[in-house]
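Open the model in your viewer and keep the sequence panel beside it. The stops below say what to select and what is there.

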Amino acid sequence: MATRLQFENSCEVGVFSKLTNAYCLVSIGGSESFYSTFEAELADVIPVVKTSIGGTRIIGRLCAGNKNGLLLPHTTTDQELQHLRNSLPDQVVVQRVEERLSALGNCIACNDHVALTHPELDRETEEMIADVLGVEVFRQTIAGNILVGSYCTFSNKGGLVHPHTSVEDLDELSTLLQVPLVAGTVNRGSEVIAAGMTVNDWTAFCGSDTTATEVSVIESVFKLREAQPSAIVDEMRKSLIDSYV
Amino acid sequence: MAEEAGMFLVQQTVGSVLCCKCGISMTPNAANMCVKCLRSEVDITEGLQKHVTILHCPECETYLQPPRTWIKAQLESKDLLSFCIRRVKNLNKVKLVHAEFIWTEPHSKRIKVKLKVQKEVLNGALLEQSFVVEYVQQEHMCEPCSRAQANPDQWVASVQLRQHVSHKRTFFFLEQLILKHGAAASAIRIKETDKGIDFFFPSRSHGLKFVEFVGKVAPVKSRHDKQLVSHDQKSNNFNYRYTFSVEICPVCREDLICLPPKVKSSLGNLGPLVICTKVTNSIALLDPFTLRHCFLDTDQYWRSSFKSLHTSRELVEYIVLDVEVVSPEVTIGGSRYALADAQVARLSDFGKNDTIFNIKTHLGHLLSPGDYALGYDLYGANSNDDELEKYKGLVIPEAILIKKSYEEKNQKKRGKPRPWKLKSLNMEIDDKGRAEQEKVDSEYEQFLEDLEENPEMRFNVSLYRNEEYQQPSEMASMTDGEDLPSVPLEELLGDLELSRAEVGDSSMRK
């Protein structure tokens, strides 16, 4: 189910929150309504953690993670790191990364199996991603943009990319990621997908400007209509299947 | 670019996304909304005028552009379109791509223009929209028309051209010049008087423009005056009538002049007897015995305003008995001259007595024995001139030849139509007696002959083809040795006449 909400009158929900299958990070806001919406939806299933990163509230764009781990930029303070280590479940590995491109959320887009990264990411960071998050890493661009983490978002069920992505690019990415992809917009025609929404396998949150058409696209590609939060089943797909739509 | 480097580039096909509002499939654009949704969102014609009132003067078919200019334009013309576009306010906020008229009934007093504009909206998407502007045309007489209606003979400025000579050659030539340059296009009335012409204009600036035009083509002295007609006490508006008094210098072409001593020495001792060869806004003087020439500016002339000794009315015909060229042919000021000794006799003396004069002349290149020439008879003339008195010990020649004469041949041609004709100004002429009229006619005939003989005079005159002239048959034309100078056909302008058929055709097209 896709929920529409706002963070302090801004529709860019993906900037102020990070949603994965194992946990949810929410930034510290002026009013509690943002936090309470997430709680209402997710409290029974996964922990919802309030935090800041490096003293800022734009946590969604600074960190990258999935059910296996969480990567934080070098600007994260020790207290924040400790707080996160304490709040998150034990199987989630929390790791601070020394990387020149510190907005990891903009540079890395990942689900539980595959990650797409900024083409200029360091080699060590790439290894760390593969190690901590347990994913296969691919360096890619989306519609000519190098900030893959901003212009696409995908879960284990499907993905949404920048509207100007060509058909060939879409096919290529779909093959890499092994999930169905669609080009679309969020928040009334905004092209910055990952900043406008955040998604996991059974639920999605998007800005309140999102039109009904966009919501229906999101719900159909991420297969949210039938999805129920269930015990996360490991589905390791070793065999390569060509993209299925 | 990658293509130039020879790298392999994957073909990029643009996919389609759903419009974020209505959900129909479309190619992605900057706003990611289909055109209809975008247009419903944003109206770029907001803030632009859709109804405009324009004022139209029914007398002169002009439209008012505030505050005061009236623009002449036909319905559905380019001028009207640009005028209408200018009247729409705030049009500079958007980019105008296309404009055209929508047909309206001519008597409906409505003009409709369809404008297509482009503007950038949202995040860089360029939106194009067309809309219709309706103009309501209100009838309002413009100021000059209302003034003309109130009092048709009302003039504000008058220019009085005068020349104190006894012939009208200058005015014939000036008339042609004015016609060619259209300088009197704005004159309400033109009146011919005894020694000149009066022009009446509806505004001072027109009169001034005319005075300046005359000042460029003739050496003139002018002064201006004004007379109060009415006075509005409350707003302190004064209405005047302006009069410009323009006097043209009395020296004409082919005149014989005796220069005053001061002028003679300032011009470098140019012999006191000189011939005037050309009059524009400066006077060209030629000394016939030394072939020296000089120019006198308007200012220079009026400082020492001298009159001519003999004018071209006093030309007498001579027959040339013998010519001996003394110096080679030279070109001075565009014309060729050659100094020669000549033996001439007055035509009135020829055959009757043996009065022969040996004179020097500057027409050596033109004359041969047996030719006729026109010149001034100084031997027989009784010159009552102050300047001449001042020169003591001056040897006055007996005759000075001015030009070659085609009198004999002209006699045959007189009365016959020419292949070309001249237009004339619409002048009011005082009715003169018969004798005066004959004098004027003969002067006009001489003017036409002058035009035929002088190509440089023709330069400033528009000659039109005479439709009524038929080519004389081969039998009739007898060329006796020398052809008369005549105007070549290439110089004639075709008269423009709109036939009824053409006019009807153009009004049919919409």
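Two strands pair if DSSP finds at least two bridges between them; helices (H or I, at least four residues) and strands (E, at least two) are DSSP runs, numbered from the N terminus. This is a predicted model, in which local features need pLDDT of at least 70 and side-chain atom pairs count only at pLDDT 80 or more, while totals for chains, interfaces and linings use all residues. Residues are numbered from 1 along each chain as its sequence is written, chains are lettered from A and ligands numbered from 1 in the order in which they are written, and side-chain values use heavy atoms, with hydrogens and water left out.

**Stop 1**

Select chain B, which has 12 helices and 27 strands. Of its 510 residues, 40% count as buried; buried means under 20% relative accessible area, exposed over 50%, and partly exposed in between (1.4 Å probe, protein chains only). Contact means heavy atoms within 4.5 Å. Among the contacts in chain B with a separation of 6 or more, 64% come from residues 24 or more positions apart.

Now pick out the open sheet of five strands in chain B, ordered β22-β21-β18-β23-β24, with antiparallel pairing. Its edge strands are β22 (357-361) and β24 (399-404) of chain B, each of which pairs on one side only. From one strand to the next the twist averages 45 degrees; axes are lines fitted to C-alpha atoms, for helices over the stretch in contact, and angles run from 0 to 180 degrees between N-to-C directions.

Follow β23(B) to β24(B): the two run antiparallel and are joined by five bridges.

**Stop 2**

Side chains of opposite charge can pair when their charged atoms come close. A salt bridge is a side-chain nitrogen of Lys or Arg within 4 Å of a carboxyl oxygen of Asp or Glu. Over all chains, a search of the whole structure finds 21 salt bridges.

Select R346(B) and D377(B), a salt-bridged pair whose closest N and O atoms are 2.5 Å apart. R346(B) belongs to strand β21 (residues 340-346) and D377(B) to strand β23 (residues 372-377) of chain B, so the pair ties together parts 31 residues apart in sequence. R346(B) counts as buried at 15% relative accessibility, and D377(B) is buried at 13%. Next, select R169(B), R253(B), E254(B), K403(B) and D450(B), which are joined into one network by salt bridges that share partners.

Move to D198(B) and R162(B), whose side chains meet in a salt bridge at 2.9 Å, N to O. This pair links distant parts of the chain, 36 residues apart: D198(B) is in strand β11 (residues 196-201) of chain B and R162(B) in strand β9 (residues 157-163) of chain B. Which of the two counts as buried? D198(B) does, at 8% relative accessibility, whereas R162(B) is partly exposed at 21%.

Then select R223(B) and D225(B), a salt bridge with its closest N and O atoms 3.0 Å apart. Here R223(B) is exposed at 52% relative accessibility, and D225(B) is partly exposed at 39%.

**Stop 3: a charged residue without a salt bridge**

Go to D169(A) in helix α8 (residues 167-177) of chain A. D169(A) is buried yet has no salt bridge, and the nearest side chain of opposite charge, R139(A), is 17 Å away; Lys and Arg count as positive and Asp and Glu as negative, while His and the chain ends are not counted. What does D169(A) contact, leaving aside its neighbours within four places in sequence? Show A143(A) and Q12(B) to see these contacts.

**Stop 4: the three-stranded sheet of chain A**

Stay in chain A and select the open sheet β5-β6-β7, where three strands pair in mixed fashion. β5 (64-65) and β7 (93-96) of chain A stand at the edges with a single partner strand each, so one side of each has no neighbour in the sheet. β5(A) pairs with strand β6 (residues 69-72) of chain A in the antiparallel sense over two bridges.

Helix α4 (residues 78-87) of chain A lies across β6 and β7 of chain A and runs at about 170 degrees to β7(A). Helix α6 (residues 123-132) of chain A also lies across β6 and β7 of chain A, at about 155 degrees to β6(A).

**Stop 5: confidence in chain A**

The chain A mean is 89, and 92% of its residues reach 70 or more. Finish at residues 230-241 of chain A, where the pLDDT is below 50; beyond near neighbours in sequence, this stretch has 12 contacts in the model.

Methods:
pLDDT = per-residue confidence, 0-100.
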